Amino acid sequence: MSRRILIVEDEENIVLSLQFLLKQSGYIVDVAPDGAAALRLISRKPDLVILDVMLPDRDGYSICEAIRANDAWRNTMVLMLTARGRDFDREKGLALGADEYITKPFSNRDLMKRIEELLAASPGVVN
C-alpha cells in the first residue's frame, strides 16, 4: 500500500515540484494551500505532512500543534519546510512536535532522502 503525503504550501512552484517528485516515487499526494484546508485534509490520515510555516490564514506552527494535540494523528510525521531558517524558528518547530525542520532553498535529493528516512522510521498511520 502506498504511503500518503500531505503538502501544506501556498507557493505554486514549490507545490508542483514536490508533487512531481513524490508521485514519481510512488506516494499518494494531497495538497493544501492554507491551514484550514490542511486540517480538513489531515482527516485522510497522511503518513507525512510537509508543512510550510508561513501560510495565508494561520501559521504552520499552530497546525503542527493541532496535529500533535489530536490522538488520531499521533503517528503522522511532520516535516517543516520553510524559509524561516533562524535557530529560534527551528527550535520552535521541533519543540512543537515537528519530526524534521528543513529550510528553503533545499536540495530535492536531500529532501527525498529525509522523507524516506522519516517514513521508514514511522510506524505508519493507524486507520
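The following legends describe close-up views of a predicted model.

**View 1. Helix α1 and the elements that cover its buried residues.** Helix α1 comprises residues 12-24, 13 residues in total, and reaches 18 Å from its first C-alpha to its last, close to the 18 Å expected at 1.5 Å a residue. Its buried residues are I14, V15, L18, Q19, L21 and L22. The cover over these buried residues includes strands β1 (4-8), β2 (28-32), β3 and β4 (77-82), together with helix α5 (108-121). Just after α1, G26 adopts a positive phi of about 95°.

**View 2. The packing of α1 against α5.** Two packed helices are described by the angle between their axes and the distance between the axes. For α1 and α5, the angle is about 55° and the axes are 11 Å apart; the two helices are therefore oblique to each other. Their crossing is right-handed. From α1, residues S17, L18, L21 and L22 meet N108, L111, M112 and I115 of α5. The residues of this contact divide into 6 nonpolar, 2 polar and no charged. Of the α1 residues in the contact, L18, L21 and L22 are also among the buried residues of that helix.

**View 3. The surroundings of D52.** D52 is located in the loop between β3 (48-51) and α3 (60-69). Because its relative accessibility is 2%, below the 20% limit, D52 counts as buried. Leaving aside residues up to four places away in sequence, D52 touches V8, E9, D10, G60, L81, T82 and K104.

**View 4. The cis peptide bond between K104 and P105.** K104 and P105 are joined by a cis peptide bond, with omega of about -5°. P105 belongs to the loop between β5 (100-103) and α5.

**View 5. The backbone at K45.** K45 has a positive phi of about 55°, although it is not a glycine. This residue lies in the loop between α2 (35-41) and β3. K45 is partly exposed, with a relative accessible area of 23%.

View 6. A69 is found in helix α3 and is exposed, its relative accessible area being 65%.

How values were computed. Residues numbered from 1 in each chain as written. Predicted model: local features only at pLDDT ≥ 70, side-chain atom pairs only at ≥ 80, totals over all residues. Heavy atoms only, no water. Helix = DSSP H or I, 4+ residues; strand = E, 2+ residues; numbered from the N terminus. Buried < 20%, exposed > 50% of the residue type's maximum accessible area, 1.4 Å probe, protein only. Contact = heavy atoms within 4.5 Å. Expected span 1.5 Å × (residues − 1). Axes fitted to C-alpha atoms, helices over the stretch in contact; angles between N-to-C directions. Parallel < 35°, antiparallel > 145°, perpendicular 65-115°, else oblique. Left-handed = near helix turned anticlockwise from the far one by under 90°. Nonpolar A, V, L, I, M, F, W, Y, C, P; charged D, E, K, R; others polar.
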